[in-house]
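Subject: Structure handover

Hello,

Here is the structure I promised you. Please open it next to this email and follow along.

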Amino acid sequence: MEAPWPSRISRETTINAAQDVEVGQRVLVLDFVANGPTPELAVACGGMQSAVVFIGAGAGHAKVGFGITPWEMELSNSLWGTRLELMELVEMARRKPLEIRTTPFPLELAPMAYQLLHERKIDGRAVCVP
């Protein structure tokens, strides 16, 4: 049985499809490979105020920085679980909003936050803010 989508899509087609978004809409780009050319492609697919998440554990890289990436692009990576676990998490969030516990710290207290995490005295995540 033949797949209902093409087996190969060009870089240009991918970028054009991702950028065909109405002005004001945010774009989320998920790179499940993060190897070879895919990180550069993921960044190229994002626009202003987009979020690019590298989920794959590949050794690829992308050039980022002032004047290279769009304004306010958020870049992050996630290596905490499998694709199936991510799908399960998204489904759980659809059913009921997730509760994420955080404890804020001023940036100058980051060493103390690490120490409290090490001592298991923080429930959830420590978030250091400037």
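Phe32 sits in the loop between strand E1 (28–31) and helix H2 (38–45). Helices (H or I, at least four residues) and strands (E, at least two) are DSSP runs, numbered from the N terminus. This is a predicted model: local features need pLDDT of at least 70, side-chain atom pairs count only at pLDDT 80 or more, and totals for chains, interfaces and linings use all residues. Residues are numbered from 1 along each chain as its sequence is written, and side-chain values use heavy atoms, with hydrogens and water left out.

Phe32 is partly exposed, at 31% relative accessible area. (Buried means under 20%, exposed over 50%, partly exposed in between, with a 1.4 Å probe and protein chains only.) Phe32 also belongs to a nonpolar surface patch with Leu28, Leu30 and Val33. Together they have about 350 Å² of accessible area, by the Shrake-Rupley method with a 1.4 Å probe, where only the protein chains shown count as cover for residues. Patch residues have over 30% relative accessible area and no salt bridge; nonpolar side chains (Val, Leu, Ile, Met, Phe, Trp, Tyr) are joined within 5 Å, like charges within 9 Å.

Next, the largest pocket. Its volume is about 310 Å³, the space filled by probe spheres set on grid points joined across faces, edges and corners. A pocket is an open set of points on a 1 Å grid over the protein atoms alone, where a 1.4 Å probe fits, with protein on both sides within 12 Å along at least five of seven lines; lining residues have an atom within 4 Å of a point. Of the 12 lining residues, Thr14, Leu30, Asp31, Thr38 and Leu41 are closest to the centre. H2 gives the largest share, four residues.

Now the salt bridges (a side-chain nitrogen of Lys or Arg within 4 Å of a carboxyl oxygen of Asp or Glu). The whole structure has five. For Glu91 and Arg95, the N to O distance is 3.8 Å. Glu91 and Arg95 are about one helical turn apart, because they are four residues apart in helix H3. Glu91 is partly exposed at 34%, while Arg94 is exposed at 65%.

Last, Glu99 and Arg101 meet in a salt bridge (3.3 Å, N to O). Glu99 is exposed at 63%. Arg101 is partly exposed at 44%.

Best wishes
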